[in-house]
Amino acid sequence: MKRYTVVLALVAAAVVALAWPREEFIPATSPAAWAATPENIARGAYLARAGDCVACHTARGGPAYAGGRAIDTPFGRLYGPNLTPDPETGIGQWSADDFWNALHNGKSRDGRLLYPAFPYTNYTRVSRTDSDALFAYFRSLAPQRRPNQPHELDFPYDQQALLAGWRLLYFRPAVFTPQPTRGAEWNRGAYLVEGLGHCSACHSTRNRLGAAGSTLSGGLIPTIGWYAPSLTASGEAGLGDWDKEHIVALLQTGVSPRGTATGPMAEVVARSLQHLNGADLGAMATYLKSLPASDTTPAASSERASEPLLAEGRRLYGKYCVDCHGADGKGKAPAYPPLAGNRAVTLTPAVNAIRMVLHGGFPPGTAGNPRPYGMPPYSHELDDAQVAAVLTYVRASWGNDAAPVSAPDVNRYRSVPLD
């Protein structure tokens with residue numbers, strides 16, 4: 001019944017949407033803006049890395065930007081398209097206006113509505129000048145003949161009419177407007193975080209129809225089972241009390257005194273953020289530190305662990321964890337991150353910490369951390385109750401004050417794919 005109601009709402013919205021086009025067109029400054037000059041190509045390459053375009057438009061082991069990577073969603077599977085200038089399977093016949101229309105209005109060259117797994121809800125803020133530089137860069141790539149794979153969406157989510165309804169409800173073309181009361185650095189950071197960086201694609205809670213929230217207050221990433229933590233100033237889960245240089249270090253190298261990038265964020269750092277210049281990373285940190293606290297951060301539980309559970313967790317910690325993370329939970333930076341005061345282990349829900357204990361993981365290999373230390377998996381040694389016990393102990397020790405973890409919590413993620 002709920003699904004039927006949702007479909008009816010989308011159909012009604014679609015009728016209005018199809019009768020009310022809201023496309024916007026911003027012309028290029030001149031043909032020189034997308035000309036194949038070394039300057040335009042270099043700038044476009046930088047912007048493509050800032051947007052992490054390679055992540056969704058490159059199949060594992062395939063040519064860069066030739067498409068084919070599967071993107072799983074609660075509504076079915078989509079595939080990133082070919083962005084190389086092949087005339088038949090890529091964007092070889094696209095114009096700079098076509099490319100900008102995709103970023104700004106979420107429409108393909110043939111007028112087809114694009115699914116918001118391509119984050120045009122963020123990219124709509126990208127300036128026409130930056131769009132043209134991106135187009136110049138993608139047109140400079142070696143053409144790769146790789147036909148785009150059709151999406152595999154469930155009915156009725158594969159219907160363009162319903163997508164039109166979704167857009168009416170959740171999408172408005174926009175441009176980034178600098179705030180005159182803020183400095184140039186803050187505005188640059190806002191442009192990168194809210195636009196090309198599309199941070200809200202992961203760090204916002206999504207509703208039943210897949211629309212991301214308007215704040216960066218954190219959320220469970222659909223289908224892959226990782227929790228993207230809050231980037232606001234919200235209590236233990238936010239960045240408000242982080243030093244700016246620690247945020248920059250995490251974005252640039254994947255490690256910092258306050259935390260380590262693992263899971264999907266490790267890929268973002270490796271493929272995208274480490275390649276940004278210091279000024280842009282500093283601008284992003286400045287903007288993130290300024291975000292107000294959000295009231296959507298999950299509330300901490302008042303539940304407390306039993307003494308027998310804590311005793312078992314302490315025993316397991318002494319056997320498996322103490323050599324690297326220390327009896328005081330302070331770790332040995334940068335190789336072994338601290339557990340005391342580490343929001344990655346105290347977040348609600350505890351999914352990220354559970355996955356790290358079960359499956360292990362590495363921070364990204366970056367220029368600033370070329371030989372990252374990793375954590376081994378313990379799923380073959382510890383059962384669900386033991387993982388729950390050791391995590392409960394960590395989440396309640398050295399000043400940490402987070403809710404216990406249960407064996408069913410652990411079991412839920414024991415067989416979840418790693419990416």
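Colleague: What share of the contacts in the chain with a separation of 6 or more comes from residues 24 or more positions apart?

Modeller: A contact here means heavy atoms within 4.5 Å. In this chain, residues 24 or more positions apart make up 67% of the contacts with a separation of 6 or more. Keep in mind that this is a predicted model, where local features need pLDDT of at least 70, side-chain atom pairs count only at pLDDT 80 or more, and totals for chains, interfaces and linings use all residues. Residues are numbered from 1 along each chain as its sequence is written, and side-chain values use heavy atoms, with hydrogens and water left out.

Colleague: How many helices and strands does the chain have?

Modeller: Helices (H or I, at least four residues) and strands (E, at least two) are DSSP runs, numbered from the N terminus. This chain has 18 helices and 7 strands. The radius of gyration is taken over C-alpha atoms, and the globule rule is 2.2 Å times the number of residues to the power 0.38. Here the radius is 23 Å, close to the 22 Å from the rule for 419 residues, so the chain is as compact as a globular protein of that length.

Colleague: And what percentage of the residues counts as buried?

Modeller: Buried means under 20% relative accessible area, exposed over 50%, and partly exposed in between (1.4 Å probe, protein chains only). By that cut-off, 48% of the 419 residues are buried.

Colleague: Take helix H16: how many of its residues are buried?

Modeller: Helix H16 (residues 351-359) has 9 of its 9 residues buried; among them are Arg355 and His359. Its buried residues pack against several elements, including strand E4 (219-221), helix H17 (384-395) and helix H18 (407-414). Just after H16, Gly360 has a positive phi of about 70 degrees.

Colleague: Is Ala184 buried or exposed?

Modeller: Ala184 is exposed, at a relative accessible area of 67%. You'll find Ala184 in helix H8 (residues 184-196). Ala184 and Tyr157 lie 27 residues apart in sequence and 41 Å apart in space, C-alpha to C-alpha.

Colleague: Now the open sheet: what is its strand order?

Modeller: Two strands pair if DSSP finds at least two bridges between them. The open sheet of 3 strands runs E1-E2-E3, with antiparallel pairing. Strand E1 (70-73) and strand E3 (152-153) are at the edges with a single partner strand each, so one side of each has no neighbour in the sheet. E1 pairs with strand E2 (residues 76-79) over 4 bridges, and Ile71 has Leu78 as its bridge partner in E2.
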